[in-house]
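Work through the exercises below with the sequence and the 3D view at hand. Try each task before reading its solution.

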Amino acid sequence: GLVFDRAGLLSCAAIAILVVAAHTAAVPGLRAFDEERGEMSAAFAMVAAGLSLVAVQNDLVVLAAGLVLTTAALPLVAAPDREGPHGIEAATKGIIGAGLILVLLALAALFAWAASGDTTPASIGRALSTAPQLAVTATALVVVVLALVIGAVPMHQAFVDVAHGASAASSSLLAGGALIAGGAALLRFVDGVSLSGAQPSLATAWSVLAALTLLGAPIASLDQTRIARVVAYLAVVPGGLVLASAAIAAADATLVTAAWRAGTEGALGGALGGAAGLLGVVLPRLDASSTWEDWAGFGRKRPVMAALFIYALATAAGVPGTIGFVARLDVAKSCVDAHLDVLSVIAVASAA
């Protein structure tokens, strides 16, 4: 149930970088309330292990195991002080959201087993022709599960709530890690299912979710006044590129390699950019409810860090001149090759 290919190893390396950065940013906050830092370090390591397992799995049961391992450490990572209302609320929402995902995943594995006697994506793809009713149900449940993990619009709310309720260091790890690991799991699932040929219905589902994410998340971010919420919504946007890549692979099985490349580029650039933006919220040491007005003068005091913070947000949003926009162009080109012209236009134009 594990596949240690280049994409999986690259995802694990990115998760490791993300965990180190988030843990380093969390240390000053842990010192402030004199928490046991060894326990927190173990929690960060558990999250890294769980996300890495999700990134290299090729079986629904192993995917569930990775999510369980991540969820076990989620409350401590999200609410290290165990007293702050924002952290406790984020931990609670994270547990509820993870519980829903695991229930749906268990049902998907059950239907997949009934359809093919196995729970791998390739077996589900083969079962679409031999036992279509059971296999379609399993596929639909997996689509919902992976959309929830990535935070696709309109199933993003639990993800965004966790990201803006936890500390900035925790939010960066959860948001960036979910995008990297979830993106790898999504692309691997589509890759396995596409071995049986193109899946037009699946391509349509991914296309709709991609369009809603690329359009809805940035519009929602414009309506926010709190910095943490702005960044949390922008961190959702790159997930639309991963979903678009999944649509490409499902629409044309010959473009699986191009879809993997474009999707991985979008996930890595977006996750690291979004995580850098969330970590940037730590710099002014303001309250979690701080607004743009509260940040007045930060650019003059620390111009280099302010510039990096703005670049991180621009990368997540896909502004021209950033890595995020390059990823959008690659996704758009592959969309054209797969005859998904509308999605290609949305992938580029939504950066506006």
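**Exercise 1.** By class, how many nonpolar, polar and charged residues does the lining of the largest cavity have?

*Solution.* The model is predicted, so local features need pLDDT of at least 70 and side-chain atom pairs count only at pLDDT 80 or more, while totals for chains, interfaces and linings use all residues. Residues are numbered from 1 along each chain as its sequence is written, and side-chain values use heavy atoms, without hydrogens and water.

Step 1: A cavity is a set of points on a 1 Å grid over the protein atoms alone where a 1.4 Å probe fits but cannot get out, and lining residues have an atom within 4 Å of a point.

Step 2: list the lining. It consists of Gln57, Asn58, Asp59, Leu60, Leu63, Pro121, Val142, Leu146, Ala185, Arg188 and Phe189.

Step 3: sort by class. Ala, Val, Leu, Ile, Met, Phe, Trp, Tyr, Cys and Pro are nonpolar, Asp, Glu, Lys and Arg are charged, and the others, Gly among them, are polar. The lining has 7 nonpolar, 2 polar and 2 charged residues.

**Exercise 2.** Describe how α3 and α8 are placed relative to each other.

*Solution.* Step 1: take the axes, which are lines fitted to C-alpha atoms over the stretch in contact, with angles from 0 to 180 degrees between N-to-C directions. The axes of α3 and α8 come within 12 Å and cross at roughly 175 degrees.

Step 1: name the arrangement. Because of this angle, α3 is roughly antiparallel to α8 (the term covers angles over 145 degrees).

Step 2: find the contact (heavy atoms within 4.5 Å). Leu63, Leu74, Val77 and Ala78 of α3 meet Ser170, Leu173, Leu174 and Ala185 of α8. These residues divide into 7 nonpolar, 1 polar and no charged.

How values were computed: 1 Å grid on protein atoms, 1.4 Å probe; cavity = no way out; pocket = protein on both sides within 12 Å on 5 of 7 lines; lining within 4 Å. Helix = DSSP H or I, 4+ residues; strand = E, 2+ residues; numbered from the N terminus. Parallel < 35°, antiparallel > 145°, perpendicular 65-115°, else oblique.
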